[in-house]
Structure formats: structure tokens, C-alpha cells
Amino acid sequence: MAKQCSDKLPPNSVIVLMARNKEALESVKCEVSSVALDINIVMRQYDQGNAENGDYFKDIFNDLLLENIISQNDFKQFMIVHNCATLCGVTKISLELLTPRQSGSTSTST
């Protein structure tokens, strides 16, 4: 999915790859780099199936940006593409998965 999206992104875009398998991350990074030479790719090994440490995900994007000397102010837009499994029922749509605090959000899901 990252490889297919990367050639449609403008130069100097940033792709964040997260997965539990480090070798798979490296492989995807190489594939994306082969088609999108001017895209910055950052990676983080992360198992979303392990919900024991709920705070780990809280600042993961801020941490990744800081570690790679990238500022949030460098972006006018962002997009999150999520293709992994869920720990809850599969009959819910994305907005139904929000916590009550987030449910007032104006975000939309497609």
C-alpha cells in the first residue's frame, strides 16, 4: 500500500511505516524508495496487537518526527492509512472505534 501511494505524493513528503516485523519494514522501505526517490521514509517497529502499553502510541508520531529532525510545521496536510487488524468487533466503522473523549471530533472516515 505504501509503495502504491508513494508515487502520488509530492516531493519531500514523509511516509511513516509501522509494523511488528522489522525485516518487512526494511523491505517495504526499499520498495518505496525505488519508486519515490524524493520521499522521506521513517520506520518504527510496533505491535498494535499488544494493547498492554496504551501510552506507547500516545506520542509515537511526535517522537518519530523529533528523532528524524522533522517538524510538524513542515506539513500543510497529513493522511493516515491504517491497514492492520483491530482488537474489537469487525462490524464497527472507524468512527465507532473512537474513545468517548474523541467522539466529538470533526474527523471523517472513508
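This report covers the fold, core, surface and local backbone of one predicted protein model.

## Basis of the model

The model is predicted: local features need pLDDT of at least 70, side-chain atom pairs count only at pLDDT 80 or more, and totals for chains, interfaces and linings use all residues. Residues are numbered from 1 along each chain as its sequence is written, and side-chain values use heavy atoms, with hydrogens and water left out.

## Overall fold

The protein chain has 3 helices and 2 strands. Both kinds of element are DSSP runs numbered from the N terminus: helices are H or I with at least four residues, strands are E with at least two. Read from the N terminus, the order is α-β-α-β-α.

Contact means heavy atoms within 4.5 Å. Among contacts in the protein chain with a separation of 6 or more, 60% join residues 24 or more positions apart. The accessible surface of the chain is about 8,900 Å², and carbon and sulfur atoms hold 51% of that surface. Accessible areas come from the Shrake-Rupley method with a 1.4 Å probe; for residues, only the protein chains shown count as cover. Of the 110 residues, 15% count as buried. Buried means under 20% relative accessible area, exposed means over 50%, and partly exposed lies in between (1.4 Å probe, protein chains only).

In soluble globular proteins, nonpolar side chains tend to be buried together. Here the largest nonpolar core has 8 residues: A2, I15, L17, L25, V32, A36, I39 and I41. Strand 1 (14-19) and helix 2 (22-35) are the elements that give two or more residues to this core. A nonpolar core is a set of buried Ala, Val, Leu, Ile, Met, Phe, Trp, Tyr and Cys residues joined through side-chain atoms within 4.5 Å.

L9 sits in the loop between helix 1 and strand 1. Its relative accessibility is 26%, so L9 counts as partly exposed. Leaving aside neighbours within four places in sequence, L9 is in contact with I15, I39 and M79. I15 and I39 are also listed in the core. The C-alpha atoms of L9 and A36 are 8.5 Å apart, across 27 residues of chain.

## Salt bridges and cysteines

The structure holds 2 salt bridges. The rule asks for a side-chain nitrogen of Lys or Arg within 4 Å of a carboxyl oxygen of Asp or Glu. E67 is exposed at 52% relative accessibility, whereas R44 is buried at 14%.

The other bridge pairs K8 with D7, with the closest N and O atoms 3.3 Å apart. K8 is exposed, at 65% relative accessibility. The disulfide count is 0, where a disulfide is a pair of cysteine sulfur atoms within 2.5 Å. C5 is partly exposed at 28% relative accessibility. C30 is exposed at 53%.

## Surface patch

V16, F61, F78 and I80 make a nonpolar surface patch of about 430 Å². Patches are made of residues with over 30% relative accessible area and no salt bridge; like charges are joined within 9 Å, nonpolar side chains (Val, Leu, Ile, Met, Phe, Trp, Tyr) within 5 Å. F61 belongs to helix 3. F61 is partly exposed, with a relative accessible area of 32%.

## Local backbone and spacing

Two residues other than glycine have positive phi. For N12 the angle is near 70 degrees. N12 is in the loop between helix 1 (2-6) and strand 1, and is exposed at 66% relative accessibility. For I69 the angle is about 50 degrees. I69 lies in the segment after helix 3, where its relative accessible area of 80% makes I69 exposed.

A24 lies in helix 2 and is partly exposed at 33% relative accessibility.
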